[in-house]
Amino acid sequence: MAKQIMVSVSTDPAKNVSDLYLLSKSVAKVASFIHCDIMDGIFVKKNKGSCATIKMLKSNLSNMLDVHLMVKSPKVEKYITAGANLVSIHKSAFLTDKQFETSLKKIKKLGALCGIAISPKTRITDVRKFLEIANVILIMSVEPGESGQTFNEEVIEKIKTLSALKVTHKYGYLIEVDGGVIPEIATKLSQIGVDIVVSGSYVYNSKNRASAVRELSQINKKADIISNQEEIDVKEETFIENKDTQISMDKPVLNEKIKMLYQKNILENSQHKDNQEVKVKIKPVLNDKIKELFGKVEQNNADTETQNKNIENMEKRKRWILGEED
């Protein structure tokens, strides 16, 4: 029996800023995530998306932003600062395993969910030792870089393997699939352990995009589908394009699975914080991990009180997202 799954609507098919606005607004009330593909023209041939794209979306929507970085050696912190809630990265985008692992952990420390992106050519064994770190495993059924490709059935076995590993080792990750997903395929995926499906072309090309999202999410009951025109109810020109615009302070709506991932990260980070505070008391000099976590800090002027205050503020931000604090 098919279960209801989360839908992350890809912005990749959008042709320009106005089109991006119309697409994102038309699905904002029904999509679990808005999926942003960021490509640098180096890791993949296509060059599209940036921190400015993420910031514009965050300024206009309260949806969780699911950011897939197809970028060589990405500086993950800048995408989180721009508003990303989930950041997925490729192991092959980094020179060493250590750099990849450090970036995964940094994403979590900065208050976002971390994802491991697996392209069709990536084997499970290539990322096996990092699975326990991940909040999400993003499985690409198509080669990264182009929307509109057909779903590749060969990834079914890869999905089943990840589902089995998750059960056997009690890993906490969710499984997300991107590439050529239509309702019939979404039904099949929901039966083998997939939690999130990404859809770009199918939703974008639908006459009623909100209805298309509901079909993908396996909602079998009749619902009051709002037409695209009614759902938008805002003129195109109101989309905020200013790069300096403040990020929306609306709290994203989190379902129970996503809340559990945030709570797991908070627990891990609190344990890390306790260990780090001991080190600070012994030697009040910022190490590289702390500098990466809190940005550019003058090493000679750092003190224990300032460091602990920054950590406390970050924890408050996470609790605020979870609705545990006003």
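Two strands count as paired if DSSP finds at least two bridges between them. Helices (H or I, at least four residues) and strands (E, at least two) are DSSP runs, numbered from the N terminus. This is a predicted model, where local features need pLDDT of at least 70, side-chain atom pairs count only at pLDDT 80 or more, and totals for chains, interfaces and linings use all residues. Residues are numbered from 1 along each chain as its sequence is written, and side-chain values use heavy atoms, with hydrogens and water left out.

**Strand β7 and its partners**

Let's start with β7, which covers residues 136-140. On one side, β7 runs parallel to β6, and four bridges join them. Here Ala-117 sits opposite Leu-138 of β7. Then there's β8, also parallel to β7, with five bridges joining these two. In that pairing, Met-140 faces Asp-178 of β8.

| Strand pair | Bridges | Direction | 
|---|---|---|
| β6 and β7 | four bridges | parallel |
| β7 and β8 | five bridges | parallel |

How many of β7's five residues are buried? Five of the five are, where buried means under 20% relative accessible area, exposed means over 50%, and partly exposed is in between (1.4 Å probe, protein chains only). In a regular strand, side chains alternate between the two faces of the sheet. In β7, Val-136, Leu-138 and Met-140 point one way, while Ile-137 and Ile-139 point the other.

Asn-135 belongs to the loop between α5 (124-127) and β7. Asn-135 is buried, with a relative accessible area of 0%. Contact means heavy atoms within 4.5 Å. Beyond its neighbours within four places in sequence, Asn-135 touches a list of residues including Lys-108, Cys-114, Tyr-173 and Asn-265. Its side chain also reaches the backbone nitrogen of Cys-114 at 2.9 Å. That's a polar contact: a pair of N or O atoms within 3.5 Å, where, within protein, one must be able to donate a hydrogen and the other to accept it, and residues adjacent in sequence count only if both atoms are side-chain atoms. As for Val-87, it lies 48 residues from Asn-135 in sequence, but 9.8 Å away in space, C-alpha to C-alpha.

Ser-119 sits in the loop between β6 (113-118) and α5. Ser-119 is buried too, with a relative accessible area of 10%. Leaving out neighbours within four places in sequence, Ser-119 contacts His-90, Met-140, Pro-144 and Lys-158.
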